[in-house]
Amino acid sequence: MAKLRWGLVGATVIGREWMIAAIREAGGEIVAVMSTDAARGRAYAEEFGVPKAVGTLPELCSTGVEAVYIATTNERHRAETLAAADAGVHVLCEKPLATRLSDARDMVEACARAGVVLATNHHLRNGAIAGRMREIISAGGIGRPLIARIVHAGYLPEHLHRWRLHDARAGAGAILDLTVHDADLLRFILDDEPEAATAFAQNGGLAAAGIEDAALSLIRFRSGLLAQLFDGFTTRYAETGVEVHGSEGLLIARDCLSQTPRGTLALRSSAGEKMIPLNHHNYYVPGVRAFHDAIAGRGRPAATGEDGLISLAVALAAQKSADSGRSARVEA
Ligand code: NDP
């Protein structure tokens, strides 16, 4: 079977560290990379054996790509997705889908109108821990889920100390970077929808003035479940984790929120505490495989454009709450 022909939008760290390998492992062929910096684009293409480097999205689409992976800074996602949809090219877009909800809506609508697949690269829902948590909860393994707690904090690696800390227009800050992932993960694990957010944001001196480098948020879900999220770039010794406390049990996942598949999962109930066996695997490969399948008419992407829209809406509600000092509705 012919390999799906991909174009990379942006010569990026996430491509370098994870997505180029994931696309290839899932059976895709990367035919071109687009960068606004010609020299960087050429060097990147050479480093990863990509045949072509181009400077604009129309040029990229004219190379015959069938899908693009958009991993540019977040304010660029809308225009690039619309241009790809216009050219009949499928889109796997990074999170947050955009920096404004209206932009994300435009992206979902444009792809639907053009009949192309739009997926959001929320990798955590593809992991072994998320899958087992979802299964156990839906089977009633902890009774009624009541409270969730997420710690998605650590020290932002030095090589990422660029737009994430300094460029508000590009969607800097811990909320757009990390809270979106938490929102998507909880929606997936709980099969529940977020309704409102209350948040406090902090600048601990790492990000530029006016940009949060940590935040604590409370999210209320439709079922009544309350989730507490700690997202941040500044705490060197934090251990990531997810807890879901139910009426009959507690799921405890530790060291589980990174790009590397790892971590443990325990179930505590009247029967005592037992470790749940896990088969860890790369988070990104199943996402690309599901995207390939969706293009071929087999099922939906692991996280759709709508999923990306909702996780963005949660993050924007948290930001609005932090700015206003009041609770904010999730507007998706
Ligand atoms: P990068 O900073 O590596 O790249 C973002 C943009 O910055 C690129 O499109 C590139 O523009 C430009 N750029 C790249 N390197 C340089 C440089 N040395 N100097 C100046 N500009 C440069 O971004 P990330 O890989 O960290 O993130 C990209 C996207 O992926 C974001 O949306 C982010 O939120 C998301 N992400 C998602 C993750 C996940 O697990 N799902 C994990 C990490 C990031 P161009 O080449 O077009 O000129």
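Which helices each supply at least two residues of the lining of the largest cavity? They are α6 (128-138) and α8 (174-190), with helices taken as DSSP runs (H or I, at least four residues) numbered from the N terminus.

## About the model

This is a predicted model, in which local features need pLDDT of at least 70 and side-chain atom pairs count only at pLDDT 80 or more, while totals for chains, interfaces and linings use all residues. Residues are numbered from 1 along each chain as its sequence is written, and side-chain values use heavy atoms, leaving out hydrogens and water.

## The cavities

The structure holds 2 cavities of 30 Å³ or more. A cavity here is a set of points on a 1 Å grid over the protein atoms alone where a 1.4 Å probe fits but cannot get out, and lining residues have an atom within 4 Å of a point. Points are joined across faces, edges and corners, and the volume is the space filled by probe spheres set on them.

The largest cavity has a volume of about 80 Å³. Of its 13 lining residues, L124, I129, A130, C256 and L257 are the closest to its centre. Helix α6 gives the largest share of this lining, 4 residues. By class, the lining has 11 nonpolar, 2 polar and no charged residues (Ala, Val, Leu, Ile, Met, Phe, Trp, Tyr, Cys and Pro count as nonpolar, Asp, Glu, Lys and Arg as charged, and the others, Gly among them, as polar).

For the second largest cavity, the volume is about 50 Å³. Its lining divides into 5 nonpolar, 5 polar and no charged residues, and includes L92, H122 and P301.

Terms used
1 Å grid on protein atoms, 1.4 Å probe; cavity = no way out; pocket = protein on both sides within 12 Å on 5 of 7 lines; lining within 4 Å.
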